[in-house]
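Keep the sequence and the 3D view side by side as you read.

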Amino acid sequence: MSSSLRRGRVLLKPLSELNVSAWRRVHAHFRDPEIAHLNGTPPSRMPLWLLKRVLRADSRRRDRESYGIFDVSGGEEHYIGTIELYDIRHDQATLGIIIGERSHWSRGFGPEAIGAILERAFGTLNLERVTLSTFGDNERAQAAFKKVGFHEKRRFLTGRGRVDVQMELSRWAWLEGASNTVSEHLAS
Ligand SMILES: CC(C)(COP(=O)(O)OP(=O)(O)OC[C@H]1O[C@@H](n2cnc3c(N)ncnc32)[C@H](O)[C@@H]1OP(=O)(O)O)[C@@H](O)C(=O)NCCC(=O)NCCS
């Protein structure tokens with residue numbers, strides 16, 4: 001069972017600890033066509049109760065850790081999105097993140113949330129490698145992932161005509177320099 005993680009302005013709380021208003025925002029984010037497009041999924045049509053049941057069941061899987069991202073910079077907790085490690089197997093996992101609140105895009109919240117979950121991945125979980133995939137047209141996501149140390153491994157055209165960009169970060173690279181990169185960014 002995972003507990004809350006803190007880094008900079010963000011607090012990551014396990015999905016099991018989200019309150020009713022946070023779940024309403026999760027629902028709004030999953031129904032949002034632009035976010036669905038960025039994420040490569042169709043907008044969700046599930047009612048809130050069903051989405052909650054599905055996501056909570058998923059988050060209980062042994063190969064997954066899912067968190068709500070909260071902006072705590074103003075002294076209160078504001079839910080802004082979700083982040084997770086999935087397919088946690090042997091010494092690897094895959095990262096996924098959705099900041100659903102547009103007010104929080106391009107303000108550094110993504111790299112802070114990713115930094116918090118990477119500390120967990122390379123620390124307590126003792127993983128060797130974290131991978132992810134994003135779309136070639138999602139330049140904001142690629143810029144954010146590079147800030148925390150991810151580098152591009154390969155890109156290819158998918159059957160649906162979009163470019164899939166695969167990125168990864170090794171434990172060695174994270175320990176070597178990525179945490180410094182985030183610290184410098186936070187200090188600037
Ligand atoms: C992708 C995401 C996690 C990035 O987090 P973030 O907090 O917005 O990222 P950052 O604040 O580090 O911004 C990324 C950088 O990209 C830049 N950027 C924004 N839009 C851009 C664009 N269209 N083209 C190029 N760069 C862009 C920003 O200016 C910023 O650079 P800077 O810090 O040098 O100014 C977040 O925006 C998000 O969740 N978006 C919606 C869902 C999504 O795309 N999820 C990822 C699916 S793989």
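Helices and strands are taken here as DSSP runs, numbered from the N terminus; a helix needs at least four residues and a strand at least two. Counted that way, the protein chain has 6 helices and 8 strands. This is a predicted model.

Start with the overall layout. Along the sequence, the elements of the protein chain follow the pattern β-β-α-α-α-β-β-β-α-β-α-β-β-α. The C-alpha atoms fill a box of roughly 45 × 45 × 35 Å along the principal axes. For 188 residues, a compact globule would have a radius of gyration near 16 Å. The protein chain has 16 Å, so it agrees with that expectation.

Now find the sheet. It is open and built from 8 strands, in the order S1-S2-S3-S4-S5-S6-S8-S7. The pairing is mixed. Which strands stand at the edges? They are S1 (5–7) and S7 (151–157). Each has a single partner strand, so one side of each is left without a neighbour in the sheet. On average, neighbouring strands of this sheet are turned by 25 degrees against each other, direction ignored.

Strand S3 (residues 65–71) pairs with strand S4 (residues 78–89) in the antiparallel sense, over 7 bridges. Phe70 stands opposite Tyr79 in S4. The hairpin of S3 and S4 has 6 residues between the strands. There Gly75 takes a positive phi near 90 degrees.

S4 also pairs with S5, again in the antiparallel sense and over 7 bridges. Glu84 has Gly96 of S5 as its bridge partner. Tyr86 has Thr94 of S5 as its bridge partner. S4 and S5 form a hairpin with 2 residues between them. In the turn, His90 has a positive phi of about 55 degrees.

How do S5 and S6 run, parallel or antiparallel? They run parallel, and 3 bridges join them. Thr94 stands opposite Thr131 in S6.

From S6, step on to S8. Strand S6 (residues 129–135) and strand S8 (residues 163–170) run antiparallel, joined by 7 bridges. Val130 has Leu169 of S8 as its bridge partner.

Turn to the helices. The axes of helix H1 (residues 20–31) and helix H3 (residues 48–59) come within 10 Å and cross at roughly 95 degrees. That angle makes H1 roughly perpendicular to H3. On the H1 side, the contact is made by Trp23, Arg24, Val26, His27 and Phe30. On the H3 side, Leu48, Leu51 and Lys52 take part. The residues of this contact divide into 5 nonpolar, 1 polar and 2 charged.

Which elements each supply at least two residues of the shell around it? They are helix H2 (33–39), strand S5 (92–99), helix H4 (109–122) and helix H5 (139–147). H5 gives the most, with 6 residues. The shell has 11 nonpolar, 7 polar and 4 charged residues. Of the 22 residues around the ligand, Ile99, Gly110, Glu139, Ala143 and Ala144 come nearest.

S5 ties two parts of this tour together. It pairs with S4 and with S6 in the sheet, and it supplies residues of the shell around the ligand.

Definitions and conventions:
Residues are numbered from 1 along each chain as its sequence is written. This is a predicted model: local features need pLDDT of at least 70, side-chain atom pairs count only at pLDDT 80 or more; totals for chains, interfaces and linings use all residues. A residue is near a molecule or strand if its C-beta atom, placed from the backbone, lies within 6 Å of it. Ala, Val, Leu, Ile, Met, Phe, Trp, Tyr, Cys and Pro count as nonpolar, Asp, Glu, Lys and Arg as charged, and the others, Gly among them, as polar. Axes are lines fitted to C-alpha atoms, for helices over the stretch in contact, and angles run from 0 to 180 degrees between N-to-C directions. Angles under 35 degrees count as roughly parallel, over 145 as roughly antiparallel, 65 to 115 as roughly perpendicular and the rest as oblique. Two residues are in contact if their C-beta atoms, placed from the backbone, lie within 7 Å. Two strands pair if DSSP finds at least two bridges between them. The radius of gyration is taken over C-alpha atoms; the globule rule is 2.2 Å times the number of residues to the power 0.38.
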